[in-house]
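User: I'd like to learn how to read salt bridges in a model like this one. Can you walk me through them?

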Amino acid sequence: MASPGRIRNRKPIGTSRSDNYDQDDEDHVNAVYQRPTARSAFEQALDTPKASAAVVGILTALAFALRFYKINHPDQVVFDEVHFGKFASYYILRQYYFDVHPPFAKLLFGLAGWFVGFDGHFSFDNIGDSYTENHVPYVGMRALPAILGSLTIPVVYAIMKETGHSTIVAAFSACIVLFDNAHVAQSRLILLDATLIFFMALTIYSYIRFRKLRYWEFSVEWWSWLIATGFFMACAWGSKVNGILTVLTIGIAVLIDLWDILDIKKGHTLEHFWQHFLARALGLIVVPFIIYLSFFYVHFAVLTYSGPGDSFMSPAFQETLIGNELLMHSQELRYYDVIALKHRDTKVFLHSHPDRYPLQYDDGRISSQGQQVTGYGYEDANNHWQIIPTKALPEAGRGRVVQHEDVIQLLHVNTQTLLLTHDVASPLMPTNQEFTTWPKDDHSRHNDTLFYLDLIDGNAGDTWKSKSGHFRLVHVPTKVSMWTHAKQLPDWAFKQQEINGNKNSVEKSATWYVDEIVSTDSNLDLAEINTPKEPKKLGFFRKFAELQLLMLQHNAGLTASHPYASTPINWPFLISGISFWTENDTQKQIYLIGNAIGWATCVILIAIYVGIISADVVARRRDIEAIPEHIRNRLWNSAGFFFLIWAVHYLPFFLMSRQLFIHHYLPSHLASALLAGSVLSFILSDTINFPISVAGRRTHMRPSEYADLGTKGPIVVGIFAAIMFAMFVFIAPLTYGTPGLDGDAVNSKRLLSSWTLHFAAKNT
């Protein structure tokens, strides 16, 4: 065998095809050319196809055993099963719901529930609600993530084998995920992470297989793995909102790949570059987006009935749902109708009463002493307002219907005063205008009582409707929008909500709707009004765009504190976990925390990798070739790809202000397991499997090399696996929620004082 130090890259041949094995980007595996007499017998035995199949078979069997062990316990709702179990029931009942995550994984849960006979009538309301008492086939629903979590292990193994690592190193990376308590706990419950991680792993595997075929560009197999990468990437994206990080990872890798193809030294024409660009655009943009769209198409097609998610959506969207209140009871509004108006966000009625604002507020500011206009949360006669026209009306017909862009007045029925706002500071917000009323017969301030009706997404000629006709009420002279907020006024206003004028006339939260028509000038029969109506039609892309925007807004808005929320800097070090479930009588609990041995190993090996790469960069600046070129390429390309996956799935969380939990790190943990295997291989052996990509028809072959860890590889990995399994068993009562532990036993499981375990004994 040629010495590793003697292997050098040759100049690329002058051809438009990237089919030269001598190129310095060679880093992916298919066939390994071996000389059996030169490697250890143990290594030869392990790397045979039969031995490799036996190893992955054992790992997979263990994965299924660990994830299905006592999967029926607890027979109660655990942690976020209150959400994702509930969403599955909505699919079965076909009732519309809203969630910040895309629907693919939840559709799978709905399908699994339907398949095992779940009727959807259990509501998953509270953690601890009994499944058995309510006859819920929960084991079948939990089996879906358990299967996907188990199948992730052979995918991790296959990724390592496909990137040129030996059987023992592939088993090492697989064991880090196999014996991890956090991965096991997440895979045994009706949660989204197992689905996300499974399709993330398949995306990585498919992209590696695609890159290995770069000397067979545009072949059927090349296209197949390109399309497979796009498909699995869409599945990861469609499983959970942070699946977009998998898309970003592949996007960065593809840009690096295209930048390399663009290099004129590689001998490619611009036409060749654009062919590759368009192929990747098709396989990794167009195909994934179509698949991602298809998840929402199925989502909308299934959820056709009114449900708990209606109120999040626009009126136009709600009217597409069977049985929706807006569809059933929406009615055109006519001048002189008496109505009750409600704020969309805070659900308070526009209210007024004879009491007046105090002359002076607590901060010394002076008011107009006008009649109070407030927001009131309950039905009351003082919530009633009459729509007054500002133009001549016909005696009958469509001319009496209120329309978008009409200028109107609102008459408070009980006090016979008109709604008014003016350039006086509101009680709680000096920058906003005070709302009050003015006697209807006093025309001296007529202009200040004029309001412009701005229907949300309205067009000229659109009619104003109760329930569905969301609107902003814009003051004509000052252009402020009638607005309210949750802060209460003092005792002089009976702790009611402030109404004021927001100077942003298009403020989204300044949205109101007519909740009730108290009396009407119309001759329509009320029975005719309440007649069931056919759902309206709304284009798929309009529904899709509206839902995407809402998902982004609400995901960013998850900023409330949570007792088990944590910051990203803590995750790799297992500073804290999450309490999923407790049972006081038996002192059982499920606490999400990783395997300390595996996580510490990954952190150490990531640090070693960064150190190796940094040292190599400095050495090369001094013209020192400390690492042979082909091994350096493997460290930069294969291990570097794993480092990229880890970083992209981890670092963006430092920029997020929303609630974050340790389970958000699990995709990065899988990537760290892959990187740990690469670094271990570098540490234990100065050889690699090389070359490793599929040779093209005109490939210039290079001397082959193979990885040989000798006997130290199996010994190190065997000891590591045994220690990891021992740690897994030690933490297992917190992972499986059984058996119950007394206070002293709980304290013994608390490896860090920051772990907030229940039922711990007090220190004496």
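User: Which residues are linked in a network of salt bridges?

Analyst: A salt bridge here is a side-chain nitrogen of Lys or Arg within 4 Å of a carboxyl oxygen of Asp or Glu. Glu162, Arg209, Lys212 and Glu221 form such a network. By this rule the count comes to 24 salt bridges. Keep in mind that this is a predicted model, where local features need pLDDT of at least 70, side-chain atom pairs count only at pLDDT 80 or more, and totals for chains, interfaces and linings use all residues. Residues are numbered from 1 along each chain as its sequence is written, and side-chain values use heavy atoms, with hydrogens and water left out.

User: Is Asp257 buried or exposed?

Analyst: Buried means under 20% relative accessible area, exposed over 50%, partly exposed in between (1.4 Å probe, protein chains only). Asp257 is buried at 6%, and Arg280 is buried at 4%.

User: Where do Arg472 and Asp454 sit?

Analyst: Arg472 is in strand β9 and Asp454 in strand β8, 18 residues apart. Their side chains meet in a salt bridge at 3.4 Å, N to O, and both residues are buried.

Terms used:
Helices (H or I, at least four residues) and strands (E, at least two) are DSSP runs, numbered from the N terminus.
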